[in-house]
Amino acid sequence: MDTPGNEPRAFGDVLASWRKRREMTKKALAEAMDYDPSYISHVESGRYPASEDFARRAEAKLSAGGEVWQAWQDNSASPAASAAAPSSAPGGLVVEDDHAELHYANGIYTANMRRRLRNAGPDPVTRYLARISVDRYPGDPARSNVHYRRDPLTWDELGLTAHCDGEPMDWQVKHDRDSFKEIWLCFENSRGKFPLYPGERATITYAYTVPDTKWGPWFQRAVRLPTRHLDVMLSFPADLEPKVWGTETSTTAEAVPLHNPITRTQRGSDVLFAWAPPIRPWAPATGWNGAFAPGRTRRTRPRACAPAAIG
């Protein structure tokens with residue numbers, strides 16, 4: 001048992017030590033783990049908590065003899081971290097790690113979602129529900145309705161792809177409306193079925209694109225399953241001079257400012273904005289709302305905010 005005078009070594013310190021021992025840069029480790037380099041920096045500095053999925057991948061890529069994994073377990077065994085463990089959803093799924101990315105370039109928004117799932121229920125899970133919703137004129141619903149009736153969001157422009165642990169996933173349409181799509185991501189494809197059995201874990205990823213004429217500079221991440229860790233990253237061309245701010249929402253309280261700041265870093269010609277809350281449970285019906293507004297565009301006046309949401 002750790003005492004106040006014998007506290008476990010910080011996970012970020014252990015990670016950095018093993019990364020340097022393996023003579024890997026943050027970028028090299030990030031590529032090996034399929035994470036963003038800025039996330040590695042945030043974890044090593046202690047600004048962001050590491051998820052279980054992150055710790056497992058780091059242990060595997062660094063071949064640390066269990067030391068990285070043990071450091072994560074030691075740090076996660078604190079009272080604050082233990083209290084953050086969410087209960088399971090009625091269907092049994094728990095999201096252990098939720099990573100959402102949004103990139104903007106050449107008039108196109110590209111969304112990439114990665115979720116580490118655990119089946120905490122008694123029955124196999126065969127599908128996962130995903131939602132995509134856009135609203136070009138949020139302050140004027142009548143105008144938005146006209147806009148999407150004339151130019152609806154289409155499956156062709158979305159170009160949706162989905163994978164489970166690298167295996168392609170079939171998907172089925174549940175709702176198909178002008179500005180709202182709801183899709184079942186199925187744990188199966190033409191080669192067979194791979195349900196998520198009780199006690200098993202899997203990482204699903206899905207991606208899609210939306211033109212800025214239909215999306216607009218606003219992003220919402222809705223939490224619909226018990227979620228242990230959540231982080232969001234937004235990327236924009238630096239010459240747009242983007243600014244990002246956000247709020248947290250729930251069904252029991254009005255929107256409040258984020259509990260910790262959004263970080264801003266420059267990578268080449270892009271600006272990255274990243275945010276992750278302290279380790280705590282995210283219950284269903286809570287969420288993260290982010291707004292972003294370029295200070296200027298290349299040849300046009302500043303644009304007004306318009307929302308888009310994913311689930």
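Q: Which residue types count as nonpolar, charged or polar here?
A: Ala, Val, Leu, Ile, Met, Phe, Trp, Tyr, Cys and Pro count as nonpolar, Asp, Glu, Lys and Arg as charged, and the others, Gly among them, as polar.

Q: What sort of model is this?
A: This is a predicted model, in which local features need pLDDT of at least 70 and side-chain atom pairs count only at pLDDT 80 or more, while totals for chains, interfaces and linings use all residues. Residues are numbered from 1 along each chain as its sequence is written, and side-chain values use heavy atoms, with hydrogens and water left out.

Q: How many cavities of 30 Å³ or more does it hold?
A: The structure holds 1 such cavity. A cavity is a set of points on a 1 Å grid over the protein atoms alone where a 1.4 Å probe fits but cannot get out.

Q: How much space lies in the largest cavity?
A: About 40 Å³, taken as the space filled by probe spheres set on the grid points, which are joined across faces, edges and corners.

Q: And which residues line it?
A: D36, S38, Y39, H42, Y48, H99, D231, V232, M233 and A274 line the largest cavity; lining residues have an atom within 4 Å of a point. This lining divides into 5 nonpolar, 3 polar and 2 charged residues.

Q: Turning to the largest nonpolar core, which members touch the most others?
A: L185, F187 and Y208 do, out of 41 residues in that core. Several strands each supply at least two residues of this core, including strand 1 (93–105), strand 2 (108–119), strand 10 (201–211) and strand 12 (230–237). A second, separate core of 31 residues includes L15, Y39, I40 and A50. Such a core joins buried Ala, Val, Leu, Ile, Met, Phe, Trp, Tyr and Cys residues through side-chain atoms within 4.5 Å.

Q: How many aromatic pairs are there?
A: There are 8. Among them, Y104 and Y109 are tilted, at 4.6 Å centre to centre and 40 degrees between the planes. Y208 and W215 form another tilted pair, with 6.4 Å between centres and planes 35 degrees apart. Rings of Phe, Tyr and Trp (its six-membered ring) pair if their centres lie within 6.5 Å; planes under 30 degrees apart count as stacked, over 60 as edge-to-face and the rest as tilted.

Q: Are Y208 and W215 buried or exposed?
A: Both Y208 and W215 are buried, that is, under 20% relative accessible area (1.4 Å probe, protein chains only). Y104, Y109, Y208 and W215 form one aromatic cluster.

Notes:
Buried means under 20% relative accessible area, exposed over 50%, partly exposed in between (1.4 Å probe, protein chains only). Helices (H or I, at least four residues) and strands (E, at least two) are DSSP runs, numbered from the N terminus. On a 1 Å grid over the protein atoms alone, a cavity is a set of points where a 1.4 Å probe fits but cannot get out, and a pocket is an open set with protein on both sides within 12 Å along at least five of seven lines; lining residues have an atom within 4 Å of a point.
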